[in-house]
Amino acid sequence: MADGTRAGVATDVFDYLIIGGGSAGCVVANRLVTAGKSVLLLEAGPVDSDPFIHIPATFVRVIGSRRTWMYRTEPDPGTEGRSLVVPQGRTLGGGSSVNAMIYIRGQTEDYDGWRDLGCPGWSYDEVLPVFRRSEGNERLSNAFHGAEGPLRVSDLRHRHPLSLAFIRAAQEAGLPYNDDFNGVSQAGVGFYQTTIADGRRGSTAATFLKAVRHSPHLTVRTECLVTGLVLENGAATGARYRAKDGSTHLARAKEEVILCAGALASCKILMLSGIGPAAELTRHAIPVLRDLPGVGENFQDHITASVYGVTDRPISLLGQDKGWRAARNGLHYLLTRSGLLASNVVESGAFIDTGGTGRPDIQIHVTPALVGDAERKPLGQHGISINPCVLRPTSRGRVTLRSPDAADPIVFTANNLATREDVDTLVRGLRIAQRILRAPSLQAQGLREWAPGPDDDLSDAALESHARRFAKTVYHPSGTCKMGRDAMAVVDEKLRVHGVPRLRVADASIMPTLVSGNTNAPCVMIGERCADFVLAAGG
């Protein structure tokens, strides 16, 4: 819907402009287009055409490619001065196109806590129907689960022997078995349900967006870098963006602009547009259009450190992506949509209350291989990685601008493991992971502890040293445009940016506190709620 050019800048006008085609953005686009609204969806990355995206087990091949942003933290005292890499989706589907596909919502108390922090309408009882509406669960249909929604949720068709051994070992270590982490109780050990359908990844691009992809109401433009929002008389009316060929464009929204670029990009776009902490904007000679001190603050992420078990037996994933084994796995998958390549790799895990509060404070992700992180190469031995992460970190970081150039990276100060509480929780998680590794079912696999160490009585100080040395992110950045009514809140309970009419934010950045678990399902729910608010306001 072009209205010509203005000063050489190509201009389009739509009812709604959505910036970011990720987990939430694709959901918002689906719901608005289905309601008959014209929508322009702008995505900074390319289309989700890479086959490694859609084959579940090969998502690790996408990390570090042009379909991910490789954000890097500033050197952090909490991680022995190391900079951590935080990959984020840069393609249609966003994080849901590059993650491990684990379907977790968090705990009842997470959402009741949001309500109590000044976000009415976000209690667990109020968001549960929204989760159920999105969900198309292949096995469960009850008070907690929906079976008819577009987001396909399934049990894994492949279960690695080390994943099965971990499940048994954790029970031997005293954890109860749980076959539904999103049901009555989150606590226990079990297999994760995943957003995989018929052996293929079910990202929000492959589900929500695909359902409306050919609608005349939807325009999708990829490889478009948003350089700033356009405000007129204080209200959002559009955005400027740079296309792949370097041309500059202006997109206008007759109704609203909805920012869904993720916790590390939405706050950046706001600041580039003159919305954020006045002192930060002034430092970069950006005119202050709205002084919102909370933009970029309140950063949170899930931090983990691994307990590694090694074995001389060829039982892990090592070598399965090479030679005749890779050919065998590929042929099996092509013929049956099953086997190793139909796995999300991180098949099993646990939620554990280590602090005696009555709710889990540690989540474990298990990988049947010795894995490093986005920079450390895997160890060249067979083994298992048991990865406890701190579910509700108390450490807080911040995101600021490096320059007023949208192409420049952010200044990303994570402050990981900055509080004593976070360190102590992770140390308790490491001790439990050690106990599980030493249980009979994993010992029967010939596993011995390589790190933190084989000693039965490592001190808390030794475990803390291991945690800081091996700490890595679980890739769940959040909180930088938090929802609420206090002085540091950026959006209200309807996701409207305070003091900026016609502008909303809908992604993990709006979380006042990080949910107790993987963030994709909550981002889908946030997208659903945003669409509800928009349609209720716009008629």
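Leu 447 sits in the loop between helix H11 (440–443) and strand E24 (448–451). Helices here are DSSP runs of H or I with at least four residues, strands are runs of E with at least two, and both are numbered from the N terminus. A word on the source: this is a predicted model, where local features need pLDDT of at least 70, side-chain atom pairs count only at pLDDT 80 or more, and totals for chains, interfaces and linings use all residues. Residues are numbered from 1 along each chain as its sequence is written, and side-chain values use heavy atoms, with hydrogens and water left out.

Back to Leu 447. Buried or exposed? Leu 447 counts as buried, because its relative accessibility is 2%. The cut-offs: buried is under 20% relative accessible area, exposed is over 50%, partly exposed is in between, with a 1.4 Å probe and protein chains only.

What does Leu 447 contact, leaving aside neighbours within four places in sequence? Leu 162, Gly 309, Val 310, Thr 311, Gly 383, Ile 384, Leu 437 and Leu 442. Contact means heavy atoms within 4.5 Å. Now take Val 490. Leu 447 and Val 490 are 43 residues apart in sequence, and their C-alpha atoms are 49 Å apart in space.

Stay with this stretch of chain. Ala 451 and Pro 452 are joined by a cis peptide bond, with omega at about 10 degrees. Pro 452 lies in the loop between E24 and helix H12 (460–470).

Met 101 is not a glycine, yet its phi is positive, about 70 degrees. Met 101 is in the loop between strand E5 (85–89) and helix H3 (108–116). Met 101 is buried, because its relative accessibility is 1%. Val 345 is another residue other than glycine with a positive phi, near 75 degrees. Its loop runs between helix H9 (323–336) and strand E19 (348–352). Val 345 counts as buried at 15% relative accessibility.

Next, the cores. A nonpolar core is a set of buried Ala, Val, Leu, Ile, Met, Phe, Trp, Tyr and Cys residues joined through side-chain atoms within 4.5 Å. The largest has 91 residues. Those with the most contacts inside it are Trp 122, Leu 229, Ile 258, Leu 270 and Leu 495. Which helix gives the most to this core? Helix H13 (residues 520–538), with eight residues. Another core lies apart from it, with 43 residues, including Phe 166, Ile 167, Ala 173 and Ile 384.

Leu 229 deserves a look. Beyond four places in sequence, its contacts include Ile 19, Val 257, Ile 269, Leu 270 and Leu 503. Arg 240 and Ser 273 are also among them.

On to the aromatics. Rings of Phe, Tyr and Trp (its six-membered ring) pair if their centres lie within 6.5 Å; planes under 30 degrees apart are stacked, over 60 edge-to-face, the rest tilted. The whole structure has 11 such pairs. Trp 69 and Tyr 71 have ring centres 6.3 Å apart and planes at 35 degrees, so this pair is tilted. Trp 69 is partly exposed, at 30% relative accessible area, whereas Tyr 71 is buried, at 13%. Trp 114 and Trp 122 form a tilted pair too, 5.9 Å centre to centre and 55 degrees between planes. Trp 114 is buried at 0% relative accessibility, and Trp 122 is buried at 0%. One aromatic cluster holds Tyr 111, Trp 114, Trp 122, Tyr 124, Phe 131 and Phe 533.

Now helix H1 (residues 25–34). Eight of its 10 residues are buried, among them Asn 30. Asn 30 counts as buried because its relative accessibility is 5%. Not counting residues up to four places away in sequence, Asn 30 touches Phe 208, Ala 211 and Val 212. After H1 comes Gly 36, with a positive phi near 90 degrees.

Last, the second largest pocket. It is lined by 17 residues, with Arg 201, Ala 205, Ala 206, Thr 207 and Lys 210 nearest its centre. A pocket is found on a 1 Å grid over the protein atoms alone: an open set of points where a 1.4 Å probe fits, with protein on both sides within 12 Å along at least five of seven lines, and lining residues have an atom within 4 Å of a point. Helix H6 (205–212) and strand E10 (200–201) each supply at least two lining residues. The largest share, five residues, comes from H6.
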